[in-house]
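Student: I've just opened this one and I'm new to it, so could you walk me through it slowly?
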Amino acid sequence: MYEPEEDSYLIEKHIKNYPSDSCLEIGTGTGILALEASNYCKKVLAVDIDKEAIDYCKKNIKRKNIKFKLSDLFSNVKGKFDLIIFNPPYLPNDQLVKDKALDGGKKGYELIERFLNQVNSHLNKNGKILLIFSSLTNKKKINSLIKKNNLKFKELEKQKFFFEELYLYIIYK
Ligand SMILES: C[S@@+](CC[C@H](N)C(=O)[O-])C[C@H]1O[C@@H](n2cnc3c(N)ncnc32)[C@H](O)[C@@H]1O
């Protein structure tokens, strides 16, 4: 299970700026971002493909306004949301380090591509998406995938770390 890292904390500090009625977090891990969102969103649904993560969250996070569910992206998600948060696996596939919390696909952006292709139908009209990725993910490709799906974006923050730069985007219709 993914222990919160710089990317988690970078998104976490922005969540308070997007109070809303409904929030979806994809890939919740230890639930750190869902927990923060539950302070500002009336209802939070948090999903992960990893059963261990969902079991951990159900056991350790007891907030009436958060629900945890097993789901591959939106496969087990119904409805639309005001805020969607995703700290995805965004690194290019490494044959030696097989880790579904890090592995974004062969080129690093494949899971984000699947996410962007599906997210529109789960986003309310004035909804917002918080998405983070790295300089190792292929920023140009992410920008073009956002546009291809008729979405717009702004870079909220950029942070340099040891071997990469992290980009936090706000994406909207
Ligand atoms: C980088 S971790 C982020 C964890 C946590 N949100 C945080 O910020 O600390 C990515 C998470 O996405 C989950 N994940 C990977 N592929 C997924 C998929 N197809 N659908 C849902 N969750 C997925 C992983 O299990 C992992 O918990």
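Student: Which element gives the most to the lining of the largest pocket?
Tutor: That is α1, which supplies three residues of the lining. Helices here are DSSP runs of H or I with at least four residues, strands are runs of E with at least two, and both are numbered from the N terminus. A pocket is an open set of points on a 1 Å grid over the protein atoms alone where a 1.4 Å probe fits, with protein on both sides within 12 Å along at least five of seven lines, and a lining residue has an atom within 4 Å of a point.

Student: Before going on, what kind of model am I looking at?
Tutor: This is a predicted model, in which local features need pLDDT of at least 70 and side-chain atom pairs count only at pLDDT 80 or more, while totals for chains, interfaces and linings use all residues. Residues are numbered from 1 along each chain as its sequence is written, and side-chain values use heavy atoms, with hydrogens and water left out.

Student: OK, back to that pocket: how many residues line it, and which lie nearest its centre?
Tutor: The lining of the largest pocket comes to 42 residues, and those nearest the centre are Tyr2, Asn87, Pro89, Ala101 and Leu102. Along with α1 (6-12), the elements β1 (20-26), α2 (32-37), β2 (41-48) and α4 each contribute at least two residues to the lining.

Student: And what lines the second largest pocket?
Tutor: Its lining includes Ser22 and Cys23, then Lys43, Val44 and Leu45, and also Lys64, Asn65, Ile66 and Lys67, with Lys69, Lys78 and Phe81 listed as well. At least two of the lining residues come from each of β1, β2 and β3.

Student: Switching topic, how many aromatic pairs are there?
Tutor: There are five aromatic pairs in the structure. In one of them, the ring centres of Phe74 and Phe115 are 5.7 Å apart and the planes meet at 20°, so this pair is stacked. Two rings of Phe, Tyr or Trp (its six-membered ring) pair if their centres lie within 6.5 Å, and planes under 30 degrees apart count as stacked, over 60 as edge-to-face and the rest as tilted.

Student: Where in the chain do Phe74 and Phe115 sit?
Tutor: Phe74 is in the loop between β3 (66-70) and β4 (81-86), while Phe115 is in helix α4 (residues 110-119), and since the two are 41 residues apart the pair links distant parts of the chain.

Student: Is Phe74 buried or exposed?
Tutor: Phe74 is buried, with 5% relative accessible area, and Phe115 is buried too, at 0%. Buried stands for under 20% relative accessible area and exposed for over 50%, with partly exposed in between (1.4 Å probe, protein chains only).

Student: What about Asn138, what is its phi near?
Tutor: Phi of Asn138 is near 90°, again a positive value in a residue other than glycine. Asn138 sits in the loop between β5 (123-134) and α5 (139-148) and is partly exposed, at 35% relative accessibility.

Student: Last one, then: what does Asp48 touch?
Tutor: Leaving out residues up to four places away in sequence, Asp48 touches Gly27, Thr28 and Gly29, then Ala53 and Ile54, and also Lys69, Leu70 and Ser71, where contact means heavy atoms within 4.5 Å. Asp48 lies in strand β2 and is buried, with a relative accessible area of 10%. The C-alpha atoms of Asp48 and Gly29 are 6.7 Å apart, although 19 residues separate them along the chain.

Student: And Ser38, where is that one?
Tutor: Ser38 lies in the loop between α2 and β2, and at 8% relative accessibility it is buried. With residues up to four places away in sequence not counted, Ser38 touches Val44, Arg63, Asn65 and Ile66.
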